[in-house]
Amino acid sequence: MHYPRIESHVHYLNVNYGIRSWLFTTDHKRIGLLYLASVTFMFLVGGLAAVLMRLQLVEPQGTLLEPDTFNKMFSTHGIVMIFFFLIPAIPAVLGNFLVPMMIGARDLAFPRINLLSWYVYLVGAILTLIAILNGGVDTGWTFYTPYSSTYSNSNVLLVGIAAFITGFSSILTGLNFIVTIHKMRAPGLTWSRLPLFIWAHYATSLIMLLGTPVLAITLVLLALERILHAGIFDPKLGGDPLLFQHLFWFYSHPAVYIMILPAMGVVSELITCFSRKRIFGYKVVAFSSLAIAVLGFLVWGHHMFVTGQSVYAGLIFSALSFLVAIPSAIKVFNWTATLYKGSISHDAPMLYALGFIGLFTMGGLTGLFLASLATDVHLNGTYFIVAHFHYIMVGGTIMAYLGGIHFWWPKISGRLYPDKWARFAALVIFIGFNLTFFPQFLLGYLGMPRRYAFYPQEFQVLNVLSSAGASVLGVGYAIPLIYLIWSLRYGPPAGPNPWGAKGLEWQTPSPPPTENFEETPIVTEEAYAYASEDHELV
Amino acid sequence: MSGHVVPVRTYVLIFLALMVGTALTVGAAFVDLGRLNTVVALAIAVCKMLLVILFFMHVRHSSQLMKIVVASGFLWLVILISITVSDYLTRSWIPDPEGWGPSTAITLPSQQSSTAKTAVVAEAPASAAAQ
């Protein structure tokens, strides 16, 4: 069935046309879509590297890739997926689109800086792509010294510069969110009435502002050592190689929380909407975001237990790492308590949210294995770690990102997508994900190291399972890409609030007008006041 | 943003103070103060930094919120440096308990049997208590 074009009102998509109207836009919604296109492209690039790796690992002595090329593939996969997909995905796409709408503002505080952040991201992404096409980089995404500073002959500098530049995109976005949330909330929207998506983005922005500059400094120091042989990390010149890891993880561990906190914000929105309940323990969930942001800065040394770091520092880092699990657990318990006696419906976004809770819990709990000093000695550097962080980043962040995209797609595009296909895709992704990464826990426990192009025969069955799962996962990701694009033209009009959801973004037409709201909304109730309309559920 | 207008005279004075600071740094570089070399250079640099933040960046007349933002930046720097240094300072503290050194290898047979007995005796009450 062909539905008419949505021309009933002037909105941000039809207000003007042409490439210039997009490239010079300062509308946060359009910038969100520019980011959506960019991060999706980078996701495909990073995904392609993963496909090649999984194909290589189907056989113990795989012949698809040279070992050097394999090193470049896992480096490309890590660098592209982390710096150019996972970190910007939810904040720069959904956050850009939704932060002003959820707080009843017309735009972010600094619309031009917002556009600048996209261009900065674009420059970083293009430099990375040039580096990849020009021979790639083989240091792994962590750029550990002395390999990156002294020995590697690949494009370390160019990729380092690209990561340095892209960091500023993150800083600009974080700055914009913090000022916007402080200064531009609608009348009546007090801090205790803010949607948890906003709290999560506030906490994320704090990390972006406080952590990212340290990564920039570290990469500059790396460049100084590589070009000028300044003695910073090289012991021969009076430096210390572990200093690099301290500085790198001071940013890069909190960066994990840049990836997961916005995902938690999305899940809070989805769980409440599709169980028709207020969130259980609003304040605790909100403050646990801030607690994660702060505690997340104190645990970086758990990446360094087996590096020769002081055992006493290791003890403290281990204890603190257990501590940071508490606010994450609080969130999981509170989402579960929210579901209790709720009117649960299993629309596609909810399937992703439920998937998130299970997979994130597994990822989080296996993190505790790694935070324990003794077990870490056995598991460090194995596929157990690979499985652990993919359960957090793919099982957590990407599930929530897709859930969020499905939840707000009617608002973004004004169209509905085919629900059955969407639920099917969610199921395929869940199955494909577990098939890919659960065998990797076993592989790691059995002792298979990460980042190796070859492995002993005995590991083949689990590796083949993992590669088979990756192909299922790939199909799962392709399905939404197809039907979401299809829905842009053929999907039925969504109406302003197809889910019957609370939140200011649903009180304006879909797609929203350029100014978001015809009149500034006035907030008179707390977030997620579902029970006030439905029958009392608890 | 605070609406406070700072007279140009103040800016000029701060600029001159920064120049004096630079001259002092250069001058101090020619005098060997031993271990104080770094301390003096850093002390001058911190003073200059504070002047820039408080006056040129208008933090002195900004809201409390802005001051908290600036202070938190420094707090995070303290976190970065102090925890990193805690690693460097305690790396050499690895305990060297008696019985681990090579000297004990000579007396090992007799020591080992007595240690093992002690361990069994020590374990017994613990396991009884656990039951």
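## Helix 7 of chain A

His229(A) follows helix 7 of chain A and has a positive phi, near 55 degrees. Helices here are DSSP runs of H or I, at least four residues long, numbered from the N terminus. The model is predicted: local features need pLDDT of at least 70, side-chain atom pairs count only at pLDDT 80 or more, and totals for chains, interfaces and linings use all residues. Residues are numbered from 1 along each chain as its sequence is written, with chains lettered from A and ligands numbered from 1 in the order written.

Helix 7 covers residues 196–228, 33 residues. At 1.5 Å a residue (times one less than the residue count) the span should be 48 Å; the end C-alpha atoms lie 47 Å apart, which agrees. A kink of about 30 degrees sits at Gly211(A), shortly before Pro213(A). The bend is the angle between axes fitted to the seven residues ending there and the seven starting there.

## Helix 2 against helix 15

In chain A, helix 2 (residues 28–56) packs on helix 15 (residues 460–490) at about 150 degrees, axes 9 Å apart. Axes are lines fitted to C-alpha atoms over the stretch in contact, and angles run from 0 to 180 degrees between N-to-C directions. The pair is therefore roughly antiparallel (over 145 degrees).

Ala50(A), Val51(A), Arg54(A) and Leu55(A) of helix 2 meet Ser466(A), Ser467(A), Ala470(A) and Gly474(A) of helix 15. Contact means C-beta atoms, placed from the backbone, within 7 Å.

## Chains A and B

The contact takes twelve residues from chain A and eleven from chain B.

How values were computed
Helices (H or I, at least four residues) and strands (E, at least two) are DSSP runs, numbered from the N terminus. Two residues are in contact if their C-beta atoms, placed from the backbone, lie within 7 Å. Angles under 35 degrees count as roughly parallel, over 145 as roughly antiparallel, 65 to 115 as roughly perpendicular and the rest as oblique.
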